[in-house]
Amino acid sequence: MTFLSAWVLDYHNKHTIKIYTDGLADKTETLIKERFQQFEYGLRSTRGAIASVGVDKLSREQFERYTNSLDINNEFPGALGFGFIRRVPASEEARFLADARQDGAPGFTIRTLDPHDEDRFVIQYIYPIYKNRQAEGLDIGSEANRRSAALAAARDDRVYITNPITLVQANKKARRGVLILLPIYSNNTLLNTPQARKDAVVGWSYAPLIIDDVLTNLDALTDNSAVILSNKEDAFFTSNNTAAQFLDDSKVVREVFVMGQHWKM
């Protein structure tokens, strides 16, 4: 009878813990998705501002004035700023550089991460500039992860994020950043197929994010649990390093889908 009572109590405790942790995992997954979802509003607002002027008529002064109207620190915590990435065919690179230098940036240059011969995806504007000066002029199309997310966003006409990366403007936080991108298309173009959307994309509104800042205080909102996010490479976020060592006895592992990326939580 003692053995049976102990077994029943142990089973009840484990069942209670499982129900609790499953519920906590549901809450955590929802919070993670909501934290990243908030940036979509900023990207859509930025895309609308660009479209109202016209991609071909957009100037540095106009874009800076728009971003100055945003309260980025309070409305979009975790974002280093908002920017515009322009698609530049390789054959038009020289003309683009000449125009960019006349547009208030006489020293504007294009920098690549890996050499390639395809269209450039150039960060033309990113503000506030004091936080992002190293990123201006970067061809995100020169690195496979960034390029893949940009093209996926264009094909599906929705927001995508990259896999975790080391941002050039926050290089001391290795693999703690992502880019979040929303496509902008040329006017009067049919966008009824993925290939048509890919062909018609002229740029992206985007924001560089620091994952730790986006998910700040996540452990406090999830009863001081330890939340670990990883992808195929390794873990890139841990919300509570102290609690992480005690996860083995009662942990929940599941795949979460966040704006085009599959992560293990």
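F76 is buried, at a relative accessible area of 7%. Its ring partner is F82. F82 is buried too, with a relative accessibility of 0%. One caution before going on: this is a predicted model.

How do the rings of F76 and F82 sit, in distance and angle? Their centres are 5.1 Å apart, and their planes meet at 75°. Planes over 60 degrees apart count as edge-to-face, so F76 and F82 are an edge-to-face pair.

That is one of the aromatic pairs. The structure holds 10 of them. Take another, F63 with Y125. Here the centres are 5.5 Å apart and the planes are at 25°. The cut-off for stacked is under 30 degrees, so this pair is stacked. Where do the two residues come from? F63 sits in helix α2, residues 60-68. Y125 sits in strand β3, residues 120-127.

The peptide bond from Y127 to P128 is cis, with omega near 5°. Most peptide bonds are trans. P128 itself is placed in the loop between β3 and α5, where α5 covers 129-132.

Now the backbone angles. Most residues other than glycine have a negative phi. Which residues go the other way? R175 does, with a positive phi of about 50°. N188 does as well, at about 55°. R175 is in the loop between β5 (160-161) and β6 (177-185). N188 is in the loop between β6 and α7 (194-200). Buried or exposed? R175 is buried, at 17% relative accessible area, and the cut-off for buried is under 20%. N188 is exposed, at 84%.

M259 also has a positive phi, near 50°. M259 belongs to the hairpin of β10 and β11, with two residues between the strands. Strand β10 covers residues 255-258. It runs antiparallel to β11, and four bridges join them. V258 has Q261 of β11 as its bridge partner. Strand β11 itself, residues 261-264, has two faces. Q261 and W263 are on the covered face. H262 and K264 are on the uncovered one.

Next, a loop residue. T222 lies between α9 (218-221) and β8 (228-230). It counts as buried, with 0% relative accessibility. What does T222 touch, beyond its neighbours within four places in sequence? Its contacts are L24, T28, L31 and V227.

Last, the whole chain. There are 10 helices and 11 strands. The C-alpha trace spans about 85 × 40 × 35 Å along its principal axes. Of the 265 residues, 48% are buried. Take the contacts between residues at least 6 apart in sequence: 66% join residues at least 24 apart.

Note on methods: Residues are numbered from 1 along each chain as its sequence is written. This is a predicted model: local features need pLDDT of at least 70, side-chain atom pairs count only at pLDDT 80 or more; totals for chains, interfaces and linings use all residues. Side-chain values use heavy atoms; hydrogens and water are left out. Buried means under 20% relative accessible area, exposed over 50%, partly exposed in between (1.4 Å probe, protein chains only). Contact means heavy atoms within 4.5 Å. Two strands pair if DSSP finds at least two bridges between them. Rings of Phe, Tyr and Trp (its six-membered ring) pair if their centres lie within 6.5 Å; planes under 30 degrees apart count as stacked, over 60 as edge-to-face and the rest as tilted.
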